[in-house]
Amino acid sequence: MARIDRELDARRLLCPLPVIRAQDAIADMRSGERLRVVATDPGVKNDIPAWCRINGHKVESMDERDDEIVLIIEVEGFGAPAFTDH
Amino acid sequence: MSTQAKAVSLVSGGLDSMLATRAIMDQGIHVEGINFFTGFCVEGHTHAIRQEDRQKPKRNNALWVAEQLGIKLHIVDVIEEYKDVLLNPRHGYGQNMNPCLDCKGFMVRKAYEWIQQNDFDFIITGEVLGQRPMSQRKDTMPVVQRESGAGDLLLRPLCAKHLPPTLPEREGWVERDKLFAFNGRSRKPQMALAQEYGFTDYATPAGGCCFLTDKAYSEKLVDMWQHRSSRDYQLDDIMLLKVGRHLRPRPHFKMIISREEGEGKFLEGYRKQFLHLRTHSHAGPLVLIDGEVSDDDIHLAARIAARYGQGRDAEQVEIEVIALDEQHQMLQVRPFGQDEISPKWRV
């Protein structure tokens, strides 16, 4: 199983908050590190992959079980944008 | 200025900001999007909660627009800072609790701070002169420029030709001749430009994107403020106003009654924060009680809760009451008849 460098519990948060929390977490991570996100809002199934595509990160896997969605994101390149406003 | 001019675009997910962004990208400017989450954004929330809406395809329109345009999007949580905009709007509210002019000034100010921190050159918005009664009038557009601090670093490509030239135009980063002179509430020019750009799929033009423009939501918000000692709010407070049927049978307590399974599941997440009721003998809603209640109040709430379950026509319905300390109590109640639910209780 791939190494997980950081965990994000985004359960009960509604979109776009899981995306914002993932974005904030990734802003502090390095290229090649992996973020595991657990969420309950089905909106994340579209929104987190969309955010990753436009910001140059990779969704390695997405699984859904018992109303929970688990995504593994690999931080790529130097694409993590400079989020300064939080 | 950097070699290639860089702009940040306020991307709402609607058509206008999509067009404005594309117009500036076509002039060779590097554009990135920014989207502010106030807590009142319609985007995503209710269709994530209600079961019937869960069947519909979901997308965050701001992210979708950014992907269509091939730009980065920065989503910024402004929930805390936005409280001051909502609670103390310098320019007042619109038809409901929408502080549109202050809100626009706030967002442009945040974008202005962002470009300073990230070495960008100017800001663009999809505003159209005369399109909105508060924030997009000839006399209020300069207010946004002035109060945000952005001044002439704020370019509105869709109606730029109606406005004095901004710095990006005067410096030649952007050709004014290639900007637009849209004006008024008609959507035809935007639709024609969308067609020209090949945009065939976009969010409902000029669709409301903020719960504060919604009459029913605003009434719930005002009711909440009227029954609390402070107008301060937390994200959970404003989220709960979007969910369920709200009844206030007595001034000191309110009931939040799920209307379907999706809402019930969502309200389940608040069980530890509220005394709540479940219908035990029949299928029925989950009901949160917001406020301090007596035994008589609980009995009243139980009869109301029974009215909204499948036992509404039964002689007796068994209601389970779960207190904050998780103590359970069973009540046998006669459901209220339809005419016993006072219209005045509805929030």
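**Exercise 1. Determine the handedness of the crossing of α6(B) and α7(B), and describe the contact between the two helices.**

*Solution.* The crossing of α6(B) and α7(B) is right-handed, a crossing being right-handed if the near helix is turned clockwise from the far one by less than a right angle, and left-handed if anticlockwise. The model is predicted, so local features need pLDDT of at least 70 and side-chain atom pairs count only at pLDDT 80 or more, whereas totals for chains, interfaces and linings use all residues. Residues are numbered from 1 along each chain as its sequence is written, and chains are lettered from A and ligands numbered from 1 in the order in which they are written.

Next comes the geometry. Helix α6 (residues 100–118) of chain B packs against helix α7 (residues 141–148) of chain B at an angle of about 45°, their axes lying 8 Å apart; helices are DSSP runs of H or I with at least four residues, strands are runs of E with at least two, and both are numbered from the N terminus. Axes are lines fitted to C-alpha atoms, for helices over the stretch in contact, and angles run from 0 to 180 degrees between N-to-C directions. That angle makes α6(B) oblique to α7(B), because angles under 35 degrees count as roughly parallel, over 145 as roughly antiparallel, 65 to 115 as roughly perpendicular and the rest as oblique.

The contact is made by B:L101, B:K104, B:G105, B:V108, B:R109 and B:Y112 of α6(B) together with B:V143, B:V144, B:E147 and B:S148 of α7(B), where two residues are in contact if their C-beta atoms, placed from the backbone, lie within 7 Å.

**Exercise 2. Decide whether B:S9 is buried or exposed, and list its contacts beyond four places in sequence.**

*Solution.* B:S9 is found in strand β1 (residues 6–10) of chain B. B:S9 is buried, because 32 other C-beta atoms lie within 10 Å; the cut-offs are 20 or more for buried, 12 or fewer for exposed, and partly exposed in between, with C-beta atoms placed from the backbone. Leaving aside neighbours within four places in sequence, B:S9 is in contact with B:S17, B:A20, B:T21, B:V31, B:G33 and B:I124.
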